[in-house]
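I opened this model to look at its core and its aromatic residues. My notes follow in the order I looked things up.

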Amino acid sequence: MLYSQGVSLESLGIPQADGKQAVPADPREVWRIFARHYYLFRGTPTRLWLDYTFQNQFGLTERLSPANADEYYELIAKKLETPQFRPRALV
């Protein structure tokens, strides 16, 4: 979705089809890019699943946006480090 709307693969740290290695991207900056373009996912199954997951797994009720992207990133990263969010605990 992002690429089809003009977001370069390089900015996301994704290698090109020609095999050239991508420059590693800062994960937080990739998340900010995603947040800036979150509106593109409106009405898609991906958006429905993400909104559900943000609210029910992470307690984030405000819609993801550029203004709260860092808050989302920090909270999700912190929770993913806890034992409750290990793969076997989520089963």
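This is a predicted model: local features need pLDDT of at least 70, side-chain atom pairs count only at pLDDT 80 or more; totals for chains, interfaces and linings use all residues.

**Entry: the core.** I asked which residues of the largest nonpolar core touch the most other members. They are Trp31, Phe34, Phe54 and Leu64, in a core of 19 residues. I then looked up which elements give two or more residues to this core, and found α1 (27-36), α2 and α3. Helix α1 gives the largest share, four residues.

**Entry: phenylalanine 54.** I listed the contacts of phenylalanine 54, leaving aside neighbours within four places in sequence. The list holds Trp31, Tyr38, Gly59, Leu60, Leu64, Tyr72 and Ile76. Phe54 also belongs to an aromatic cluster, together with Trp31, Phe34, Tyr38, Phe41 and Tyr72.

**Entry: aromatic pairs.** How many aromatic pairs does the structure hold? I noted eight. One of them joins phenylalanine 34 and phenylalanine 41. Their ring centres are 5.4 Å apart and their planes stand at 55°, so I logged the pair as tilted. Are these two residues buried or exposed? Phenylalanine 34 has 15% relative accessibility and counts as buried. Phenylalanine 41 is buried too, with a relative accessible area of 10%.

I went on to phenylalanine 58 and phenylalanine 85, which also form an aromatic pair. This pair is stacked, at 5.3 Å centre to centre with 15° between the planes. Where do the partners lie? Phenylalanine 58 is in helix α2 and phenylalanine 85 is in the segment after α3, so the pair ties together parts 27 residues apart in sequence. I checked burial here as well. Phenylalanine 58 is buried, with a relative accessible area of 11%. Phenylalanine 85 counts as buried at 16% relative accessibility.

**Entry: asparagine 68.** Where is asparagine 68 found? I located it in the loop between α2 (45-58) and α3 (69-80). Why does asparagine 68 count as buried? Its relative accessibility is 3%, and buried means under 20%. Not counting residues up to four places away in sequence, asparagine 68 touches Glu62 and Arg63.

Key:
Residues are numbered from 1 along each chain as its sequence is written. Side-chain values use heavy atoms; hydrogens and water are left out. Buried means under 20% relative accessible area, exposed over 50%, partly exposed in between (1.4 Å probe, protein chains only). Contact means heavy atoms within 4.5 Å. Rings of Phe, Tyr and Trp (its six-membered ring) pair if their centres lie within 6.5 Å; planes under 30 degrees apart count as stacked, over 60 as edge-to-face and the rest as tilted. A nonpolar core is a set of buried Ala, Val, Leu, Ile, Met, Phe, Trp, Tyr and Cys residues joined through side-chain atoms within 4.5 Å.
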